[in-house]
Amino acid sequence: MKTSKLAIIGVGHVGSEVLENAALSGLFGEIVAIDTRSERAAAEALDQMHASGMLGRANVRIYGGGYDDIADADVIVIAATHIWPHGEVPADRQALLGNNAAIIRQIMGDISRVTRDAVLVFITNPLDTVVYIAATEFGYPKEKIIGTGCVLDSSRLRFLLGRRYGLDPKAVNAFMMGEHGYTAFPLLGSAQIATVPYAELPEYFGQDNWTADEVREKVVQAAYEVFHPKDGVTDAAVAQAATEILRSIVLDEKAVFSAATYIDGELGQHDTVFSIPVVVGANGVEKKLPPKLNAWEQAKLAESAAAIRANIDLAKKLKQG
Ligand SMILES: NC(=O)c1ccc[n+]([C@@H]2O[C@H](COP(=O)([O-])OP(=O)(O)OC[C@H]3O[C@@H](n4cnc5c(N)ncnc54)[C@H](O)[C@@H]3O)[C@@H](O)[C@H]2O)c1
């Protein structure tokens with residue numbers, strides 16, 4: 001019987017955290033780690049295998065490998081990124097494009113040589129533009145290309161609102177959408193706790209609501225409360241976001257995430273990528289659920305789409321040299 005097989009390309013801070021989550025998840029019988037630092041990939045894999053003598057761990061086959069090892073992978077996570085000298089990673093995700101566009105083109109070229117069957121889950125920034133490059137330049141099935149995008153931002157939103165009202169974040173039904181970056185925005189028009197719409201929460205919790213602009217700012221800035229003290233890294237929460245997506249693919253759960261997907265006509269936007277709620281199953285993005293937006297949300301979507309468009313245009317220029 002064939003067990004599910006995962007490949008992780010780029011096993012730095014984020015990729016190695018995904019590796020650990022995946023090893024612990026019980027979802028995979030085989031995991032291959034790939035990195036230009038091949039000894040590092042092999043060592044991350046071995047480190048995980050060294051835990052396999054313990055009762056809490058399933059005996060998963062984990063090893064460092066290359067692209068020939070991923071022809072039969074079911075899912076591939078891409079968390080590779082340019083390594084910055086002295087670890088000085090730019091805080092602006094868009095500043096990563098110059099180097100990461102070339103890295104993603106190399107990785108997508110190598111993946112598409114050996115498979116077009118695996119579902120690809122992208123984490124690399126600038127996330128939306130990276131997903132656009134992957135979805136449009138290699139003839140890879142677009143529905144099999146997903147970016148973690150606003151899955152992380154939506155979890156940050158639920159965490160912040162949960163903390164404000166003294167609730168488990170999972171009691172908050174709310175999504176962020178748009179760019180995974182400065183212009184991401186909350187869908188408060190449709191947010192609710194149990195049956196209570198966001199606008200009516202003050203009646204129940206006895207305090208004023210944050211405005212949509214305040215919520216947006218708090219969620220976007222939340223990334224930097226981790227990024228700066230951790231010397232340019234956020235890894236635990238995004239690795240969990242990727243792991244939730246992996247579970248929905250492998251178990252065909254049809255879970256709904258605000259994930260980055262190729263957009264062609266949804267919400268009046270064409271030939272671009274941003275996060276909207278989507279159903280994720282064994283075939284990748286199986287259904288898009290574009291939300292009905294209020295006036296504030298429509299204005300924010302226009303800003304977000306323009307920011308992503310500028311970055312996509314830059315990626316195209318970089319390709320032309
Ligand atoms: N989408 C999100 O929500 C989110 C959140 C956090 C981080 N990120 C992004 O994830 C990426 C990884 O971050 P990190 O902190 O793990 O970086 P890192 O520098 O720790 O690791 C990057 C790894 O990629 C490897 N690599 C570079 N080029 C490669 C190539 N061509 N093929 C294979 N491997 C290659 C490097 O050797 C390194 O091991 C970054 O782009 C970061 O911005 C995204």
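**Close-up views of a predicted model**

View 1. Asparagine 100 lies in helix α3, which spans residues 97-114, where helices (H or I, at least four residues) and strands (E, at least two) are DSSP runs numbered from the N terminus. The model is a predicted one, in which local features need pLDDT of at least 70, side-chain atom pairs count only at pLDDT 80 or more, and totals for chains, interfaces and linings use all residues. Residues are numbered from 1 along each chain as its sequence is written, and side-chain values use heavy atoms, with hydrogens and water left out. Asparagine 100 is buried, with a relative accessible area of 0% (buried means under 20%, exposed over 50%, partly exposed in between, with a 1.4 Å probe and protein chains only). Not counting residues up to four places away in sequence, asparagine 100 touches Thr81, His82, Thr124 and Asn125, a contact being heavy atoms within 4.5 Å. The side chain of asparagine 100 also reaches the backbone oxygen of asparagine 125 at 2.8 Å.

**View 2. Threonine 124 in its loop.** Threonine 124 is found in the loop between β5 (119-122) and α4 (127-136), and this residue is buried, with a relative accessible area of 4%. Leaving aside residues up to four places away in sequence, threonine 124 touches Ile78, Ala79, Ala80, Thr81, Asn100, Ile104 and Val130. From the side chain of threonine 124, the backbone oxygen of isoleucine 78 is reached at 3.4 Å.

**View 3. The three-stranded sheet.** An open sheet of three strands runs in the order β7-β10-β11 with antiparallel pairing, two strands being paired if DSSP finds at least two bridges between them. Because β7 (172-173) and β11 (196-197) stand at the edges with a single partner strand each, one side of each is left without a neighbour in the sheet. Strand β10, residues 192-193, pairs with β11 in the antiparallel sense over two bridges, and isoleucine 193 stands opposite valine 196 in β11.

Terms used:
Polar contact = N/O pair within 3.5 Å; in protein donor to acceptor, adjacent residues only side chain to side chain.
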